[in-house]
Every structure is written in structure tokens, then in C-alpha cells.
Amino acid sequence: MNEELLEIARSAGRRAALYVAGARPHGRVDVSSTKSSPTDVVTAIDEACEQLLRSLILRARPDDGFVGEEGDDILGSSDVEWIVDPIDGTVNFVYGLPFYAVSIAAAVNGEVEVGYVMNIANADEFSAIRGQGAWTHTDEGPIRLVAPPVDRLEHALVATGFSYVTATRTKQAAAVARMLPQVRDIRRTGSAALDLCGLAAGSYDAYVEQGLKPWDLAAGGLIAREAGIAVSGIDGIPGERLVMAAHPSVSREFFDLVNACGF
Ligand code: LIP
């Protein structure tokens, strides 16, 4: 069943990515509305992409539930719920920075079983099935993702992100300032899904962020875990309050550093 769910996610994700890439005008994309703050933007392409994903996925599995960033949730009658971010990294999409992704996860009885993420800007694809590993997909075929170890925390390259809400960002910036001297460096790319896939692919060694929604985290979190990354949060559970992730070679030290820096 999980293989079928991944094939649905991949097929819909590829169609949606083609739509978004084709619909994006040259230059900056018009913003149609905002959400949690004046900088939390939504575009008409976000909304159209989510509607496309919803129609493609529910045409294949009409009894499933659907939770998307931009639209009304659908309570299904099956055991499967789709968790979808049509464009993760919306600000990057608006500005034309090449880090924005379609992110699709399928949860069965509440457990994320399948994750699919594609960077729409460069067609980098990542996928995972729970217990069966994480993969990136190239023209030569799928390549298994196994995250590399880090020799010491001071050599860890850390990805992070910030809330759209000014008061929260201020606290996050102070925490990152305390962390920066104790790690190799910080990267802030603007897409949680691609940050987590980056850990799986060895582009980063650790990640910390607060304020993630289920659609930011579901697919990328599974892909990172299936590549051997420890993904955690408050009381060990990643969620909106905190997501922290690192290779097991430094995860204990990194999680202690996250707490010590005041995230
Ligand atoms: C984004 C996240 C990112 C976070 C951004 C934003 P969106 O999601 O993926 O990690 O730092 O502030 O929340 O809003 O582009 O779907």
C-alpha cells in the first residue's frame, strides 16, 4: 500500500511542480494575500497548486483526508490523510530564489508512512517510505540517502529558519546568535522541507526551527529520519513548538546546545 501512496504522491508532485514552474512569471511574483503577518505571503499560484494537488490525489483516492496549507481541510473516511504544502518556501518563490518545494506526505492511522519533496526550481526529488529508506531521484535512477556523520559539533553546518511573527523572530535571532560561535556556520534557506531533505542528503549536519506547521514538517521529517537523522522536539516529539534534527554522531550534543541557547 505504501508503494501505491508514494506513486500517487510522486505523480501528483511532478504535475504540480510542472504547473508552478510554468506559471511563474519572470521577476517577482504578485502576492495575493497574507496570513500570520504582513510578510507571511500567499500567491494565487500557491492556491491553484494546492487545488491541483487535491484534485489529483483525491481522484486517485477519493475517501482519503486532505490537509493543505492554503485550503479547507477534508476529513476522509479512510485510514489515510494527505498532508500537503503546495509551495514550501513561498517567499523564495516570490523573489525567485531557487529553494521552494512541493511537499506531500501520507499518514496512515496518524503515522506518516510516505514522504515526497521536489525542489520546483531545480527538480531535485526526495522520497521516503517509513522503514524502507530515503531516496533521491536522478536521471540515472534512484540513489539511497544515508546521512554522513559529523566528527564534532563545532564542525556542524546548521540550517534554521524564523517565524513570520516579529516578536518570535526576535527571540529566535537571539538564540541563533548564541549558537553561531559554537558550530561551523548557519544556513537559512527558507524552506523547512528542503532543509530536512538537505540533512538527509548531507548538505547540512543539523537543523533547528520553531513554528513549523504539519505540512512543513511531515514529508521532510520522514525523509530525514529514513536517511538516519535523529528528528526531535520538546519531550522528543517534533512539532510547532520546536523541531531539532541532527546526525546521531552529534545529535545529543546538538539537542543540548539548542536547549542551552534558549530555543
Ligand atoms: C516556510 C518554512 C520555513 C520557514 C519560513 C516559512 P512557507 O514555509 O518552510 O522553514 O523558515 O518562515 O514558514 O510559509 O514558505 O510555506
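Visitor: Why is Phe93 called buried?

Guide: This is a predicted model. In it, Phe93 has a relative accessible area of 0%. Buried means under 20%, so Phe93 is buried.

Visitor: Is Tyr100 buried or exposed, and how do you know that?

Guide: Tyr100 has 9% relative accessibility. The cut-off for buried is under 20%, so Tyr100 counts as buried.

Visitor: How many aromatic pairs are there in the whole structure?

Guide: A search finds two aromatic pairs. Phe93 and Tyr100 form a pair, with ring centres 5.1 Å apart.

Visitor: What makes Phe93 and Tyr100 a pair, and what kind?

Guide: Ring centres must lie within 6.5 Å, and these are 5.1 Å apart, so the rings pair. Their planes meet at 65°. Planes over 60 degrees apart count as edge-to-face, so this pair is edge-to-face.

Visitor: Which charged end sits over the ring of Phe93?

Guide: That of Arg24, 5.6 Å from the ring centre. The distance cut-off is within 6 Å.

Visitor: Now the ligand. How many residues surround the ligand?

Guide: The ligand is surrounded by 15 residues. The closest are Asp88, Gly89, Thr90, Ala192 and Glu209.

Visitor: How much of the ligand does the protein cover?

Guide: The protein covers 94% of the 370 Å² of accessible area that the ligand has on its own. The ligand takes up the space of the largest pocket.

Conventions: Residues are numbered from 1 along each chain as its sequence is written. This is a predicted model: local features need pLDDT of at least 70, side-chain atom pairs count only at pLDDT 80 or more; totals for chains, interfaces and linings use all residues. Side-chain values use heavy atoms; hydrogens and water are left out. Rings of Phe, Tyr and Trp (its six-membered ring) pair if their centres lie within 6.5 Å; planes under 30 degrees apart count as stacked, over 60 as edge-to-face and the rest as tilted. Buried means under 20% relative accessible area, exposed over 50%, partly exposed in between (1.4 Å probe, protein chains only). A charge sits over a ring if NZ of Lys or CZ of Arg is within 6 Å of the ring centre and within 35 degrees of the ring normal. A residue is near a molecule or strand if one of its heavy atoms lies within 4 Å of it. Accessible areas come from the Shrake-Rupley method with a 1.4 Å probe; for residues, only the protein chains shown count as cover. On a 1 Å grid over the protein atoms alone, a cavity is a set of points where a 1.4 Å probe fits but cannot get out, and a pocket is an open set with protein on both sides within 12 Å along at least five of seven lines; lining residues have an atom within 4 Å of a point. A molecule sits in a cavity or pocket if more than half of its atoms lie within 2 Å of its grid points.
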